Amino acid sequence: MAMLTIKDLEVYYGVINAVKGISFEVNQGEIIALIGANGAGKTTILHTITGLIQAKSGSIEFEGKELTKTPAHKIVSLGMAHVPEGRRIFQQLTVYDNLKMGAYTRKDKKEIADTLEMVYKRFPRLLERKNQIAGTLSGGEQQMLAMGRALMSHPSIILMDEPSMGLSPLYVSEIFDIIKEINKSGTTVLLVEQNAKKALSIANRAYVLETGKIVLSGDANELMNDDSVKKAYLGE
């Protein structure tokens, strides 16, 4: 059974139909990539799944629960975390305080402390800089902080929006290695990414979006070798 099922999803911004009746699913343990050009509807889909935008119609089912009318803060407590485009860390707070904010839906102090230790193990640089003001970190470190903050809610699925945006090639490789590690440790990943080659290289399956519609889907390796995908998204 799928962990996350999107069915006939329609999303509007005013009169603009941004997402046009799409359906897809994410199974437990997978990395699923959504790829497509700017304006294809990728970020809108993530925002709708996590309750930041209201769907016009269709259904979003997560572990058997319908989410279309569920407030965003309740969705987090169900086990879904969102790493937004542009990172959106709390610039004026320390690294430590940003991480603690990620655990705001949790009550058990020992479990929170254990998760914090796990995050520091995965991101040693955050431990080194735990008392540093987050806005003074480099772009790559801020991306690590955004990912660490999401992990603090102990999610079963993590939605990542453009994690490589604005990063140096060295940091891009590091971030994608971390995404693979997060997945291997048992967290399902739904990944929106402009760097289609990188996304397809770590994904199990992928969906290709064009102007709010899914135009192609399948095994990530097969899509990597698809001529139309190569030409449109891989620069080949």
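Asparagine 98 is buried, with a relative accessible area of 0%. Buried here means under 20% relative accessible area, exposed means over 50%, and partly exposed lies in between (1.4 Å probe, protein chains only). The model is predicted: local features need pLDDT of at least 70, side-chain atom pairs count only at pLDDT 80 or more, and totals for chains, interfaces and linings use all residues. Residues are numbered from 1 along each chain as its sequence is written, and side-chain values use heavy atoms, with hydrogens and water left out.

Asparagine 98 belongs to helix H3 (residues 95-102). Helices (H or I, at least four residues) and strands (E, at least two) are DSSP runs, numbered from the N terminus. Setting aside residues up to four places away in sequence, asparagine 98 touches Ile89, Phe90, Leu93, Ala134, Leu145 and Arg149. Contact means heavy atoms within 4.5 Å.

Among the buried residues of helix H6 are Leu145 and Arg149. H6 is mostly covered, with 12 of its 13 residues buried. Its cover includes strand S6 (80-83), H3, helix H4 (109-122), helix H5 (124-128), strand S7 (157-161) and helix H7 (169-184).

H6 packs against H7 at an angle of about 15°, and their axes are 10 Å apart. Axes are lines fitted to C-alpha atoms, for helices over the stretch in contact, and angles run from 0 to 180 degrees between N-to-C directions. H6 is therefore roughly parallel to H7. Angles under 35 degrees count as roughly parallel. From H6, the contact uses Gly140, Glu141, Gln143, Met144, Met147 and Leu151. H7 contributes Tyr171, Glu174, Ile175, Ile178, Ile179 and Ile182. These contact residues divide into 8 nonpolar, 2 polar and 2 charged. Ala, Val, Leu, Ile, Met, Phe, Trp, Tyr, Cys and Pro count as nonpolar, Asp, Glu, Lys and Arg as charged, and the others, Gly among them, as polar.

Most residues other than glycine have a negative phi. Glutamate 63 has a positive phi, near 50°. It sits in the loop between strand S4 (57-62) and strand S5 (65-66). At 38% relative accessibility, glutamate 63 is partly exposed. Glutamate 162 also has a positive phi, near 55°. Its loop runs between S7 and H7. Glutamate 162 is buried, at 4% relative accessible area.

How values were computed: Parallel < 35°, antiparallel > 145°, perpendicular 65-115°, else oblique.
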